[in-house]
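Please show me the structure, and I will ask how its features are read.

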Amino acid sequence: MTTDDGTATPAERDSRSQREELLRRALLEVKAARAEAAALRAARREPIAVVGIGCRFPGAEGPEQFWQLLTEARTAITPIPADRWNNDRYYHPDPDTPGHTYARHGGFLHDVRGFDPTVFGITPREAAAIDPQHRIILETAWHALEHAHIPPDSLHGTNTAVYIGM
């Protein structure tokens, strides 16, 4: 409806304004969606290079040893090392005995206590408080860089990532 002089009524102006605002927001969302789709397409073409690997498994201290373990179909299950805990003290054949284990064998990493904190700029006191798994992760990431022949300080400011699985 229009007024007698041919101009739009206030209700028509409000309705038109609402439609224009809706179209403006829809256009912005379409532009954002197109930009996101373009970024996803570009990311699929972004080159990724795995240049080094580090790993620690029971019976294998690196990728070459791990590969040998697999190809030779060797087991990494060993008696519990005496430096881990006194198995005679904690062993009991009944698995339901509280505070005891019924296992005498397991998969154990070699030298889990051998950690040089100074390599990572960590004081020995701080290192003692770090979870052993975190220390192993630090060492394994370092070994991956060594495997790739990359000096760690050369990566500062680069698009480099370290991916870890446990």
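What follows is a dialogue on reading this predicted model.

Q: How many helices and strands does the protein chain have?
A: Helices (H or I, at least four residues) and strands (E, at least two) are DSSP runs, numbered from the N terminus. The protein chain has 5 helices and 2 strands, in the order α-α-β-α-β-α-α from the N terminus.

Q: What is the radius of gyration of the protein chain, and what would a compact globule have?
A: The radius is taken over C-alpha atoms, and the globule rule is 2.2 Å times the number of residues to the power 0.38. For 166 residues a compact globule would be near 15 Å, but the protein chain has 31 Å. Its C-alpha trace spans about 105 × 50 × 40 Å along the principal axes. As one case, leucine 27 and asparagine 86 are 59 residues apart along the chain, and their C-alpha atoms are separated by 70 Å. Leucine 27 belongs to helix 1 (residues 10-45).

Q: What share of the residues is buried?
A: Buried means under 20% relative accessible area, exposed over 50%, and partly exposed in between (1.4 Å probe, protein chains only). Of the 166 residues in the protein chain, 16% are buried. Leucine 27 has 47% relative accessibility, so leucine 27 counts as partly exposed.

Q: How many salt bridges does a search of the whole structure find?
A: Side chains of opposite charge can pair when their charged atoms come close. The rule asks for a side-chain nitrogen of Lys or Arg within 4 Å of a carboxyl oxygen of Asp or Glu. The search finds 6 salt bridges. One of them joins glutamate 61 to arginine 56, with the closest N and O atoms 3.2 Å apart. Arginine 56 is buried at 14%, while glutamate 61 is partly exposed at 30%. Arg56, Glu61 and Glu139 are linked in a network of salt bridges.

Q: Which parts does the pair of arginine 113 and aspartate 83 tie together?
A: The two side chains meet in a salt bridge (4.0 Å, N to O). Arginine 113 lies in the loop between strand 2 (105-107) and helix 4 (124-129), and aspartate 83 in the loop between strand 1 (77-79) and helix 3 (87-90), so the pair ties together parts that are 30 residues apart in sequence. Arginine 113 is exposed at 54%, and aspartate 83 is exposed at 52%.

Q: Why is the pair of phenylalanine 115 and phenylalanine 120 called stacked?
A: A pair of aromatic rings is described by the distance of the centres and the angle of the planes. Rings of Phe, Tyr and Trp (its six-membered ring) pair if their centres lie within 6.5 Å; planes under 30 degrees apart count as stacked, over 60 as edge-to-face and the rest as tilted. The count comes to 4 aromatic pairs. The centres of phenylalanine 115 and phenylalanine 120 are 5.5 Å apart and their planes are at 5°, so the pair is stacked. Ring pairs link Phe115, Phe120 and Trp142 into a cluster.

Note on methods
Residues are numbered from 1 along each chain as its sequence is written. This is a predicted model: local features need pLDDT of at least 70, side-chain atom pairs count only at pLDDT 80 or more; totals for chains, interfaces and linings use all residues. Side-chain values use heavy atoms; hydrogens and water are left out.
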